[in-house]
Amino acid sequence: MAPVYTNSNGCPIPGDPFATQRIGKHGPLLLQDFNLIDSLAHFDRERIPERVVHAKGSGAYGVFEVTDDISDICGSAFLDTVGKKTKIFTRFSTVGGESGSADSARDPRGFATKFYTEEGNLDLVYNNTPVFFIRDPSKFPHFIHTQKRNPETHLKDADMFWDYLTTNQESIHQVMILFSDRGTPASYREMNGYSGHTYKWSNKKGEWHYVQVHMISDQGVKTLNNEEAGQLAGSNPDFAQEDLFKNIAAGNNPSWTLYVQTMTQEQAKNAPFSVFDLTKVWPHADYPLRRFGKMTLNENPKNYFAEVEQAAFSPAHTVPFMEPSADPVLQSRLFSYSDTHRHRLGTNYTQIPVNCPVTGAVFNPHMRDGAMNVNGNLGAHPNYMASDKPIEFKQFSLQEEQEVWEGAACPFHWKYTDDDFKQPAALWNVLKRYPNQQEHLAHNVAVHACNARPEIQDRVVEYFSKVSTDLGDRIKKELLELSPRK
Ligand code: NDP
């Protein structure tokens, strides 16, 4: 049976829904015409604030399956049995563009997954690159502004872009990856996800490790070159959304194999880099990848706005036996992600179905009321810890021998040093293994930086020359061809 057309109060609209109430045939309209007023008023309020970063995205549901026992590393219930399955929802995104921007933009890709576990929702809010541009969280808004639009011209601005990066040179590792062809993935299915940050996982004995997680695409990593990406931005700006949706609809379900790298506290003390430094990777040879699971995306959302636009991920959404490390950027993301959802979706954003834990076990007597409270608000239960209404507290042994932090409150700015160029130099050598990849990196930088002022172009050449003089020379040569000096 066809649904009955109604007003927002559920009252059927008789006859012609496009008829307006007016005086006579052609006279003015009546304010009492709720059908018209209500539909216009709702239309005026259709948009919610788009995400300030990661605005353009695509999402799908799927399943995570434990493939290998890692109970010596992590005691979380969803990992406790090989073969155990957990429902997931993943959202991929670009970072800097608006919600209508092209999927092929040179940009890191967000790769965020919500695991609906029996112990609550776990969000792994990752990227497709293992490092990031900053390690001082206070730089984040400053940095993002330089990658977005110029406040005067409202244009993307190569001066701002390279001025920031070349004066904050801890960015170099991420910039090398961004300007390699991995900065323009061929699809969301054909890219990896990385935790980037170090986290802390513990087993049921209370022993803990620092960990990094890698989600390696079973489709392989495929990329576009700069010109293919530019062409797609015009011919099919939504190609990544289309690719994901159509593949899942056709049953060609993409999957990723999940691995964990681990480090003891002792190993971390002896590592040649800080585990809290988001600009560094853990070399594979020293910290081998250990497989533990597979995730497969197998179901498209039925409604983009309800399920993808309203999906709210936060690294603060974690489950027992998984904790954040002291990585300062991660620490500030724990605040900022949940905070942006409170602003964008409202304080009760976790009541939106895509964000609801499947346990049905949200029971916090303090968290009451607020806009759009739709789940019954814990009914008559007291809004404090009432002595005659006991609440159970679960016990689990967590990371007993924690790090001990000491010291006075002090300002700390993690300035760059020559050491920050060592891993980028290793990457420059890795690129030699793949056909044309060194050449593409130099070309991709030059065609972007040629739009910057000459003195900033010189700084770009200097910045990449600190990775490799060969790379600097290649960029300089192409820059001079693209934007000859007078
Ligand atoms: P390895 O030789 O063991 O690994 C090199 C890795 O580089 C590959 O496994 C691949 O990672 C990744 N890679 C290949 N092409 C690109 C590209 N265009 N952009 C970014 N990454 C690429 O060396 P190490 O572990 O010692 O790392 C050397 C360098 O490789 C690092 O400095 C870092 O820049 C990069 N890298 C390292 C990762 C790590 O976790 N160790 C992860 C990703 C990059 P994958 O298999 O994940 O696709």
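**Annotated residues and the ligand shell**

H54 sits in the loop that links α1 (34-44) to β1 (57-66). In this predicted model, H54 comes out at 15% relative accessibility, and since buried means under 20%, it counts as buried. The "active site" annotation in the unreviewed UniProt entry takes in H54 together with N127. These positions are spread over 74 residues of sequence, yet they cluster in space, with a largest C-alpha distance of 10.6 Å.

Now to the ligand. It is surrounded by 20 residues, and the closest of these are H173, R182, Y194, H284 and R433. Several of them reach oxygen atoms of the ligand through polar side-chain atoms. For H173, a polar side-chain atom is 2.6 Å from a ligand oxygen, and for R433 the distance from such an atom to a ligand oxygen is 2.6 Å. In the case of R182, a side-chain N or O atom lies 2.8 Å from an oxygen atom of the ligand. On its own the ligand would expose 770 Å², of which the protein buries 83%.

As for where the shell comes from, the elements giving two or more residues are α4 (172-179), β7 (208-217) and α10 (422-431). Of the elements, α10 gives the most, with five residues. At the domain level, both domain 1 (57-133 + 168-355) and domain 2 (418-482) give residues to the shell, so the ligand lies between them.

Conventions: Residues numbered from 1 in each chain as written. Predicted model: local features only at pLDDT ≥ 70, side-chain atom pairs only at ≥ 80, totals over all residues. Heavy atoms only, no water. Near = heavy atom within 4 Å. Polar contact = N/O pair within 3.5 Å; in protein donor to acceptor, adjacent residues only side chain to side chain. Areas by Shrake-Rupley, 256 points an atom, 1.4 Å probe, with all protein chains shown as cover. Helix = DSSP H or I, 4+ residues; strand = E, 2+ residues; numbered from the N terminus. Domains from an automatic or database assignment. UniProt positions renumbered as here; feature names shortened; annotations may be inferred. Buried < 20%, exposed > 50% of the residue type's maximum accessible area, 1.4 Å probe, protein only.
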